[in-house]
Amino acid sequence: MAEKKVSLPAKLINGGVAGLVGVTCVFPIDLAKTRLQNQQGARVYGGMLDCLAKTIKMEGYFGMYRGAAVNLTLVTPEKAIKLAANDVFRQKLSKDGKLALWGEILAGCGAGTCQVVVTTPMEMLKIQLQDAGRLAAQRTVTASASATGPTPSLVASRAAQTGTNARSQPSATRITLELLKTRGLRGLYKGAGATLMRDVPFSMIYFPLFANLNAVGRTEDRHSNPQERAPFLQSFVAGCTAGSVAAVAVTPLDVIKTRLQTLQKGEGEDSYRGIIDCVQRVLKREGPSAFLKGAACRALVIAPLFGIAQGVYFLGVGEHVLGLLG
């Protein structure tokens, strides 16, 4: 069966639509992931469900979507670049319609490298907005502990925290202007090395694994562009499986990236001079298990995100949109 060629504009539209739909569905879990990974001092959250429950109680339902506007704005070019770049690299590296495993890994490496241009500032801004609620909650717990003893109630201090949040709640615009003013463009790209260190291995694992899972049960043109011929359910499950495996595999690198990009630290929390310093301090203070913080959250975020992405590609949303426009 001949492979259908998909134009670059269609790939960009597919990637953008997939990113918007996916992020809208899983953003609250991503917020819990960020807060759990940054938790060093006072233990505010006991896990993902506890984090989400306390976020709703303290900040309301929309508190779970802090930073979503930044993500929804920038995830379109980010996901479009990642998925489209992988397809372009696969086509360039293919020989006679087939692609060896080394070519799949190299294509994933190229895709991960390209997306960092957008991913780094997006993650930088998103993390500050997501973590603001944790810092406010930690201050509430610390203040309550000092005033009432060793068993403070987080929910009991909701009114006090709401007043504090109203005065100090950050915005993406304010953070961007402050970073540009004090650190220049470099400020928005803080942690770029750590982001690259996370995204390149992720793509090197995800794309080859997806291609091979998506080709299970079929023998011809196994390494070309299998999502064109796979059934929808197989494409979706392959995306979810490959996404969750890759996400868990690079969680330690994601923890390092999150810690480095977080500008505001809570009471008693470490700041880091770089990747090596971060690794050393986390190992010394929290132990190896700290590098797996948020692993379950990452799997729950990335699995549907990439499952939806591959589903959008399978349905050919971009091609339909271009057909309507022209």
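Me: What counts as a helix here?

Reply: Helices are DSSP runs of H or I with at least four residues, numbered from the N terminus. The model is predicted, so local features need pLDDT of at least 70 and side-chain atom pairs pLDDT 80 or more, while totals for chains, interfaces and linings use all residues. Residues are numbered from 1 along each chain as its sequence is written, and side-chain values use heavy atoms, without hydrogens and water.

Me: Which helix gives the largest share of the lining of the largest pocket?

Reply: Rolling a probe the size of a water molecule over the atoms shows where empty space is left. A pocket is an open set of points on a 1 Å grid over the protein atoms alone, where a 1.4 Å probe fits, with protein on both sides within 12 Å along at least five of seven lines; lining residues have an atom within 4 Å of a point. Helix 4 gives the largest share, seven residues. The lining has 23 residues, with Q128, P170, R174, I175 and Q264 nearest the centre.

Me: Which residues have the most contacts inside the largest nonpolar core?

Reply: In soluble globular proteins, nonpolar side chains tend to be buried together. A nonpolar core is a set of buried Ala, Val, Leu, Ile, Met, Phe, Trp, Tyr and Cys residues joined through side-chain atoms within 4.5 Å; buried means under 20% relative accessible area (1.4 Å probe, protein chains only). The largest core has 44 residues, and Y45, F202, Y206, I302, L305 and F306 have the most contacts inside it. Helix 12 (295-315) gives the most to this core, nine residues. A second, separate core of eight residues includes L260, Y272, C278 and V282.

Definitions and conventions. Buried means under 20% relative accessible area, exposed over 50%, partly exposed in between (1.4 Å probe, protein chains only). Helices (H or I, at least four residues) and strands (E, at least two) are DSSP runs, numbered from the N terminus.
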